[in-house]
Every structure is written in C-alpha cells, then in structure tokens.
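Biologist: I have a protein on my screen and would like to talk it through with you. Could you take my questions one at a time?

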Amino acid sequence: MPSSFPMTGKKIRLFQFLFEMLEDPRMASFISWVKPSAGIFQFSAQNKDELARIWGQFKGNKKVMTYQKLSRALRTYSRTGEITKVKRKLTYQFSLVVLRSL
C-alpha cells in the first residue's frame, strides 16, 4: 500500500486512490497510464479484480470488492464528470479539473 495515504482522518476518494496507484511503479501490473498528459488510464485485464480487492481492503469493507462493484463506482464518477469511460476496454479518463487537483 502506498505510504502517501493517511490511514486515518480524511476519507480518500476512489479517484485519489487510482491516481496514487498509477503513480506507484509497483502497481504497473494492475493499472497503468495510457496517456498521462490527458489523464487516460487503463486497468489490467488480468489484475483488475485484485486492484478492486485492494481498494475494498483500504476502505475497510467487510465484503470483498470486485471490479464489477468498482466499475459501478466509476460510473457514478462519470455522472459527476470526474472520470469518464473511454471507448476502449477497461480504459478511463480523469477530468481536467480532477487532474489539476491531484
């Protein structure tokens, strides 16, 4: 788990978690940048469920998080415009506002 996350205090949002994972070279087999300057990233097809499980553990969920559940949360971000789906499998894009805040 990246050390930049506070384990207590302010709640970390999914897009912050994903950005930290993208910036951590150890997580390259789970999630990677497609075009960092545009905020486009992609989940690994082989390890997407493992990354979701890590997110669920980080949040303290009692039930195991799956990629299906995580992608549902990503669709919620899509409604707010913070993260949008790119027309490519397992690929998403941070909004420019979110990118600037990270």
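**A loop residue and its partners**

Modeller: Let me start with V86, which, leaving aside its neighbours within four places in sequence, is in contact (heavy atoms within 4.5 Å) with I40, T91, Y92 and Q93. A word on the basis: this is a predicted model, where local features need pLDDT of at least 70, side-chain atom pairs count only at pLDDT 80 or more, and totals for chains, interfaces and linings use all residues. Residues are numbered from 1 along each chain as its sequence is written, and side-chain values use heavy atoms, with hydrogens and water left out.

Biologist: Is V86 buried or partly exposed?

Modeller: V86 sits in the loop between β3 and β4. Here buried means under 20% relative accessible area, exposed over 50%, and partly exposed in between, using a 1.4 Å probe and protein chains only. V86 has 22% relative accessibility, so it counts as partly exposed.

Biologist: How far apart in space are V86 and F41, C-alpha to C-alpha?

Modeller: In sequence, V86 and F41 are 45 residues apart. In space, C-alpha to C-alpha, the separation of V86 and F41 is 9.1 Å.

Biologist: And is L90 buried or exposed?

Modeller: L90 belongs to the loop between β3 (83-85) and β4 (91-94). Its phi is near 60°, a positive value in a residue other than glycine. With a relative accessibility of 11%, L90 counts as buried.

Biologist: Which residues of α1 are buried?

Modeller: Helices (H or I, at least four residues) and strands (E, at least two) are DSSP runs, numbered from the N terminus. Helix α1 covers residues 14-23, and seven of its ten residues are buried, so it is largely enclosed by the rest of the structure. The buried ones are L14, F15, F17, L18, F19, M21 and L22.

Biologist: How are α1 and α3 oriented to each other?

Modeller: Two packed helices are described by the angle between their axes and the distance between the axes. Axes are lines fitted to C-alpha atoms, for helices over the stretch in contact, and angles run from 0 to 180 degrees between N-to-C directions. For α1 and helix α3 (residues 67-80), the angle is about 110° and the axes are 11 Å apart. Angles of 65 to 115 degrees count as roughly perpendicular (under 35 roughly parallel, over 145 roughly antiparallel, the rest oblique), so α1 and α3 are roughly perpendicular.

Biologist: Which residues of α3 meet α1?

Modeller: From α1, the residues involved are L14, F15 and L18. On the α3 side they are L70, A73, L74 and Y77.

Biologist: Where is S29, and which residues does it touch?

Modeller: S29 lies in the loop between α1 and β1 (31-35). Its relative accessible area is 39%, so S29 is partly exposed. Not counting residues up to four places away in sequence, S29 touches S44 and N47.

Biologist: Stepping back, what pattern does the protein follow along the sequence?

Modeller: The secondary structure comes to four helices and four strands. Read along the sequence, the pattern is α-β-β-α-α-β-β-α.

Biologist: Last one: what radius of gyration does the protein have?

Modeller: The radius is taken over C-alpha atoms, and the globule rule is 2.2 Å times the number of residues to the power 0.38. With 102 residues, a compact globule would come near 13 Å. The protein agrees with that, at 13 Å.
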